[in-house]
Amino acid sequence: MRHLSTVLLTMLPALPLLESAAQPTADKSYRLVWSDEFETDGRPDPGKWRFESGFVRNQELQYYQPENASCRRGLLVIEARREEVPNARYARASSDWRQKRRTASYTSACLTTRGIRHWKYARIEVRARIDARDGLWPAIWTVGESGPWPDCGEIDIMEFYNGHILANACWSSGAPWKPRWSSVRKPLADFGGSDWASRFHTWRMDWDRQHVRLYVDDVLLNSISADEVAKPAGQAIGSFDQPHCLLLNLAVGGTNGGDPSNTAFPATFEVDFVRVFQR
C-alpha cells in the first residue's frame, strides 16, 4: 500500500462473534505477544495505535484524521466520508500534491503501530470485513522501520481495489523509489463477489527467516522466499530481516483506488481483532 503499491462460508450475523484475546493460534509453536480486540467503545487505544494525518501517499483523495476511527461494540470501525475539509498543510506555491490541494473532498483514517510496537518475524492475524465498492482501497500492511521505501520493505497482507483482492510484498531493486514486487491479484468474483466481501474473513501473514506467506481464511495466496529478496546496496539490514510496524487504513481513489464518485458514503472497514504471535 505504501507509495505505488500496485484473497465459502455461511452468512455471518451483522456483528461478529468475538473471540478471546488469549485464544492461541492453531499452531502451538506460536505464542500471543500483542493483540487488540477493540472491546472498549470510543477512540482506539493510544497505547497501541497512532494516526497518520492529512494527505500521505498515492495521490489518494482522502484526508486522514483520527476522528474517522472508533471502537464500537467490539469492532474497530474505520469510516471514509464524503465531506470537504481544509488542508492544514496547504501552500499555494508548492509543487507537492500533499500541499497544493486547498481542501479535501473525502476523509478517512489510517492507524499505525509505528513508534509504539514493531515485530521481526511473526504471525499476524486480522479478522475484518471490507467494503468492496468502487473507489475504496482498504488495506492491512506492514513496513520496515529502517531505511527509505522500498528499501525498508513492505508486506501487503490484504489490499482491495478495483474489484480485486491482492497479497503483495516489495523490496529494493537497487534503484531509489523503484521497488521489486511479488504480487498476487485475484478477482473478487473468484471468492464469491460482493456477497463474500459482506462477511468477515481472516487474513494472515506468516513471516520467518525463509519466507513471507500470505493467506485468507487459511488459503495461501502468495509466498515470497528470502532468496528472492536482495539486501539494498550499502544498507546493513535487509527489507525482511528487520522489524516491521503494522498499518490499517481505508483509502479513497488515488493511483490504484479507482473512482469513488458514484459510491454512496460513508464507507467502512471493520476490524474484529488484530493478533500478533511469535515463536
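Select C245: at 0% relative accessibility, C245 counts as buried. Buried means under 20% relative accessible area, exposed means over 50%, and partly exposed covers what lies in between, using a 1.4 Å probe and protein chains only. Before you go on, know that this is a predicted model, in which local features need pLDDT of at least 70, side-chain atom pairs count only at pLDDT 80 or more, and totals for chains, interfaces and linings use all residues. Residues are numbered from 1 along each chain as its sequence is written, and side-chain values use heavy atoms, with hydrogens and water left out.

**Stop 1: the cysteines**

How many disulfides does the structure hold? There are 0 of them, where a disulfide is a pair of cysteine sulfur atoms within 2.5 Å. C245 is in no disulfide, and the nearest cysteine sulfur, that of C152, is 8.6 Å away. Now select C71, which counts as buried because its relative accessibility is 6%.

**Stop 2**

Next, colour strand β16 (residues 244-252) and strand β9 (residues 136-144), which pair in the antiparallel sense over 9 bridges. Strands (E, at least two residues) and helices (H or I, at least four) are DSSP runs, numbered from the N terminus, and two strands pair if DSSP finds at least two bridges between them. Which residue is the bridge partner of V143 in β16? That is C245, where the tour began.

While you are on β9, click on T142, which is found in that strand. At 1% relative accessibility, T142 counts as buried. The T142 side chain makes a polar contact with the side chain of H244, at 2.9 Å. A polar contact is a pair of N or O atoms within 3.5 Å; within protein, one must be able to donate a hydrogen and the other to accept it, and residues adjacent in sequence count only if both atoms are side-chain atoms.

Zoom out to see the sheet around these strands: an open sheet of 7 strands, in the order β2-β7-β16-β9-β10-β11-β12, with antiparallel pairing. Which strands are at the edges? They are β2 and β12 (178-187), each of which pairs on one side only.

**Stop 3: the nonpolar cores**

Select I140, W203, F269, V271 and V274 together. These residues have the most contacts inside the largest nonpolar core, which has 52 residues. A nonpolar core is a set of buried Ala, Val, Leu, Ile, Met, Phe, Trp, Tyr and Cys residues joined through side-chain atoms within 4.5 Å. Strand β17 (residues 267-278) gives the most to this core, with 5 residues. A second, separate core of 12 residues includes V56, W137, V143 and Y161. In soluble globular proteins, nonpolar side chains tend to be buried together.

**Stop 4: a cluster of rings**

Show the side chains of W34, F38, W49 and W119, which ring pairs link into a cluster. Rings of Phe, Tyr and Trp (its six-membered ring) pair if their centres lie within 6.5 Å; planes under 30 degrees apart count as stacked, over 60 as edge-to-face and the rest as tilted. The whole structure has 11 aromatic pairs.

Start with W34 and W49: their ring centres are 5.5 Å apart and their planes stand at 75 degrees, so this pair is edge-to-face. W34 is in strand β1 (residues 31-36) and W49 is in the loop between β1 and β2 (50-51), so to speak a link between distant parts of the chain, 15 residues apart. Then look at F38 and W49: with centres 6.4 Å apart and planes at 25 degrees, the pair is stacked. Are F38 and W49 buried or exposed? Both are buried, and W34 is buried too.

**Stop 5**

Finish at strand β13 (residues 201-207) and strand β14 (residues 211-216), which run antiparallel and are joined by 5 bridges. They form a hairpin with 3 residues between them. R204 stands opposite Y215 in β14, and R204 also lies over the face of Y215, at 3.9 Å from the ring centre. A charge sits over a ring if NZ of Lys or CZ of Arg is within 6 Å of the ring centre and within 35 degrees of the ring normal.

The side chain of R204 also makes a polar contact with the side chain of D206, at 3.2 Å. D206 lies in β13 and, at 12% relative accessibility, counts as buried. From Y215, step across to L220 in β15, which stands opposite. In the hairpin of β14 and β15, D217 takes a positive phi near 50 degrees.
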